[in-house]
Amino acid sequence: ANLQPFTLADGRVLLAYRSHTSNYSGSGEFYTSIRVMVSESGGKFYKGEKILVENVAYGSGRGFWEPFFIQLDSDTVAMYYADDLSTLLKSQQRIAYFTYKISTDEWAGPFDAVHRKIGVLSRDGMPTVTALRSGGFAMVVEVQDYASWNSNKDSVFAVGLSLSKDGKVWSDPVPVIGPEDLSAGIRTSAPSIATLPDGRVIITYQTDKGYYGASGSGDYKRVFGAAISKGALTLDSALVPTVGGASEGFEFLPDLFEYSENQYQIWNTVSCFGNDVYFAGTSGINTADGKRTSHCINLRRAEVTTLMGDIDGDGKITEVDAKSAVKLVGESAWNENAYIADVNASGKIELKDVFEIIKMQKRG
């Protein structure tokens, strides 16, 4: 599960994923690993499975999870992942990474990216990373250490933001998006991040807030949320911890997807290609008898209408230009939801169906 593909400049596709034995959610022993394969056929066929890290774990919530790729320089790709097996306490989780040398086809690691001190009981997880327009990188993770920021020990799951000059040494995550009521037990979890042409970043996540309808189990009582930085995010940006809701420097976006009664929305992602921003995530219906039906993938596109430039005419592009620059298309102009189904009638939902939906949206 947690498959993450990454296309290299030479056309090869790396594919990372976790591989666990089936009883990983129970209380007994299970096997856990992160593996990679490579495709030389544009993702049609994969070969050369390599185990990067593996171990035997005991009990639910101990293992290796959620790999994510990004290119650090012309010859180096990093693959981050969440690791709550190598920490001393189950209430902690570190973000680790491997590096892949493109020219030599060699992997190295694991290395620590974010590893909290013993006194900070934060099970940081689900890393995604974006390259900043002005250089450096930003990472979002779900964090559970609100108590260290606001002395509230009942709150769980905020979105933490870290910065790095080289993608290897990272600042401690600062919670920038959280529940408006920090004591309500509401989550803002499973974050994703993307950088816009003007340097701002968009963060998406799943949250309990706004869900209504039949009860689901675990994460199946969530809907999607999103926030955007008010100006270009840089390595010099001051990150202010949230005291509820979006922190200083961020603001919430309108709802990305329409929501109907009993519908859950989970496991989201956001990407920016040129002037197009794509939001995707899974959804379905929680029924009154505790079952789930109508599973699908939602895809939505927003357009950045203008590229950022030297708006104030001072001869350089700065944060002042970013604040004056383009805004995302407003809620009334969002493209209609696209519900991914078996478009090409192959008998299963696959990547080709997603591509067809994207093409139809562009034509429409």
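Guide: What follows goes from confidence to salt bridges, cores and sheets.

Guide: This is a predicted model, in which local features need pLDDT of at least 70 and side-chain atom pairs count only at pLDDT 80 or more, while totals for chains, interfaces and linings use all residues. Residues are numbered from 1 along each chain as its sequence is written, and side-chain values use heavy atoms, with hydrogens and water left out.

Visitor: What is the mean pLDDT of the protein chain?

Guide: The mean is 81, and 75% of the residues reach 70 or more. pLDDT is the predictor's confidence in each residue, from 0 to 100.

Visitor: Where is confidence lowest, and where highest?

Guide: Confidence is lowest in strand β20 (residues 338–340), with a mean of 45, and highest in β2, at 97. Strands here are DSSP runs of E with at least two residues, numbered from the N terminus. Over residues 321–340 pLDDT stays under 50, and the model has 72 contacts for them beyond four places in sequence. A contact means heavy atoms within 4.5 Å.

Visitor: Salt bridges next. How many are there?

Guide: The count comes to 10 salt bridges, where the rule asks for a side-chain nitrogen of Lys or Arg within 4 Å of a carboxyl oxygen of Asp or Glu.

Visitor: Which residue does R94 meet in a salt bridge?

Guide: R94 meets D83, at 2.8 Å from N to O. R94 lies in strand β7 (residues 94–101) and D83 in strand β6 (residues 76–83), so the pair ties together parts that are 11 residues apart in sequence.

Visitor: Is R94 buried or exposed?

Guide: R94 is buried, with a relative accessible area of 11%, and D83 is buried at 0%. Buried means under 20% relative accessible area, exposed over 50%, and partly exposed in between, with a 1.4 Å probe and protein chains only. D83 and R94 also belong to a salt-bridge network with D112.

Visitor: And what about R301?

Guide: The side chains of R301 and D276 form a salt bridge at 3.2 Å, N to O. R301 is in strand β19 (residues 292–303) and D276 in strand β18 (residues 276–286), 25 residues apart, and the pair links distant parts of the chain. Both residues are buried.

Visitor: Changing topic: which residues touch the most other members of the largest nonpolar core?

Guide: They are F69, M79, Y81 and W107, in a core of 22 residues. A nonpolar core is a set of buried Ala, Val, Leu, Ile, Met, Phe, Trp, Tyr and Cys residues joined through side-chain atoms within 4.5 Å.

Visitor: Which strand gives the most to this core?

Guide: β3 does, with four residues. Another core, of 18 residues, lies apart from it, and W65, A78, Y80 and Y97 are among its members.

Visitor: Y97, then. What stands opposite it in β8?

Guide: F111 stands opposite Y97. β7 and strand β8 (residues 106–114) run antiparallel and are joined by six bridges; two strands pair if DSSP finds at least two bridges between them. They form a hairpin with four residues between them, and D105 in the turn has a positive phi of about 55°.

Visitor: In what order do the strands of the open sheet come?

Guide: The order is β9-β10-β11-β12, with antiparallel pairing. β9 (125–131) and β12 (174–177) are at the edges with a single partner strand each, so one side of each is left without a neighbour in the sheet.

Visitor: What is the bridge partner of V159 in β12?

Guide: I177 is the partner of V159. Strand β11 (residues 158–164) and β12 pair in the antiparallel sense over three bridges.
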